[in-house]
Amino acid sequence: MKEGSYVIELSEQAGYKVSDMLKDEENPEKLYLRIGVQGGGCSGFTYGMGFEDEKKEDDTELELHGIRILVNEKDAPLIRGLQIDYKESMMGGGFTIHNPNATATCGCGTSFRTATNEGAPEKC
């Protein structure tokens, strides 16, 4: 996958939250935010976001709101156009994800499948 060949949108609010979370980590200047998917969930794939300090050969690096983001080339087709936001409410806060590639999602919104890939659904 070529640099810049797809777009992930990270809202300003999500960027603030990730930056805030990075401050609590040891050596935050060395960390990347990895965004990806794995098989599972009711619909076939689940999203994953977490910090790591190693960029792999098949990763594409993006920078949004000053945050270095990694996406593995195998995950890129499933999350092309992904929109990540962070919402606060009286019940707390959390990241929300909109994936234009998803053709089905579960009730909780954390798993999905696409028109061309069903993943590995689990019984819920």
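His 65 lies in the loop between strand 4 and strand 5. In this predicted model, His 65 has a positive phi of about 55° although it is not a glycine. Its relative accessible area is 45%, so His 65 is partly exposed.

Asn 27 is another such case, with a phi near 55°, again positive in a residue other than glycine. Asn 27 is placed in the loop between helix 1 and strand 2. At 37% relative accessibility, Asn 27 counts as partly exposed. For context, most residues other than glycine have a negative phi.

## Nonpolar core

The largest nonpolar core has 21 residues. Within this core, the members that touch the most other members are Ile 8, Ile 35, Ile 69, Ile 79, Leu 82 and Ile 84. At least two core residues come from each of these elements: helix 1 (12–23), strand 2 (32–40), strand 3 (44–52), strand 5 (67–72), helix 2 (76–79) and strand 6 (83–89).

Which residues does Ile 79 touch, not counting residues up to four places away in sequence? The contacts of Ile 79 are Val 7, Ile 8, Ile 35, Gly 36, Val 37, Tyr 47, Val 71, Asn 99 and Asn 101.

## A buried aspartate

Asp 75 is found in the loop between strand 5 and helix 2. Is Asp 75 buried or exposed? Its relative accessible area is 7%, under the 20% limit, so Asp 75 is buried. Leaving out residues up to four places away in sequence, Asp 75 touches Gly 36 and Val 37.

## Salt bridges

The structure holds six salt bridges. In general, side chains of opposite charge can pair when their charged atoms come close. Arg 34, Glu 52, Lys 56 and Asp 59 are linked in a network of salt bridges.

The side chains of Arg 34 and Glu 52 meet at 3.0 Å, N to O. This pair links distant parts of the chain, with Arg 34 in strand 2 and Glu 52 in strand 3, 18 residues apart. Arg 34 also forms a salt bridge with Asp 59, where the closest N and O atoms are 2.6 Å apart. Here too the pair links distant parts of the chain: Asp 59 belongs to strand 4 (residues 59–64), and the two residues are 25 apart. Arg 34 and Asp 59 are both buried; the relative accessibility of Arg 34 is 15%. Glu 52, at 23%, counts as partly exposed.

Another salt bridge joins the side chains of Glu 61 and Lys 55 (3.4 Å, N to O). Lys 55 is partly exposed, with a relative accessible area of 38%.

## Aromatic rings

How many aromatic pairs are there? The count comes to one aromatic pair. It consists of Tyr 86 and Phe 95, whose ring centres are 5.0 Å apart. Their planes stand at 70°, and an angle over 60 degrees counts as edge-to-face, so the pair is edge-to-face. Tyr 86 counts as buried at 9% relative accessibility, whereas Phe 95 counts as partly exposed at 29%.

A ring also takes part in a contact with a charge: the charged end of Arg 68 sits over the ring of Tyr 32, 4.0 Å from its centre.

Conventions: Residues numbered from 1 in each chain as written. Predicted model: local features only at pLDDT ≥ 70, side-chain atom pairs only at ≥ 80, totals over all residues. Heavy atoms only, no water. Core = buried A, V, L, I, M, F, W, Y, C linked by side-chain atoms within 4.5 Å. Buried < 20%, exposed > 50% of the residue type's maximum accessible area, 1.4 Å probe, protein only. Helix = DSSP H or I, 4+ residues; strand = E, 2+ residues; numbered from the N terminus. Contact = heavy atoms within 4.5 Å. Salt bridge = Lys/Arg side-chain N within 4 Å of Asp/Glu carboxyl O. Phe/Tyr/Trp six-rings, centres within 6.5 Å; stacked < 30°, edge-to-face > 60°. Lys NZ or Arg CZ within 6 Å of the ring centre and 35° of its normal.
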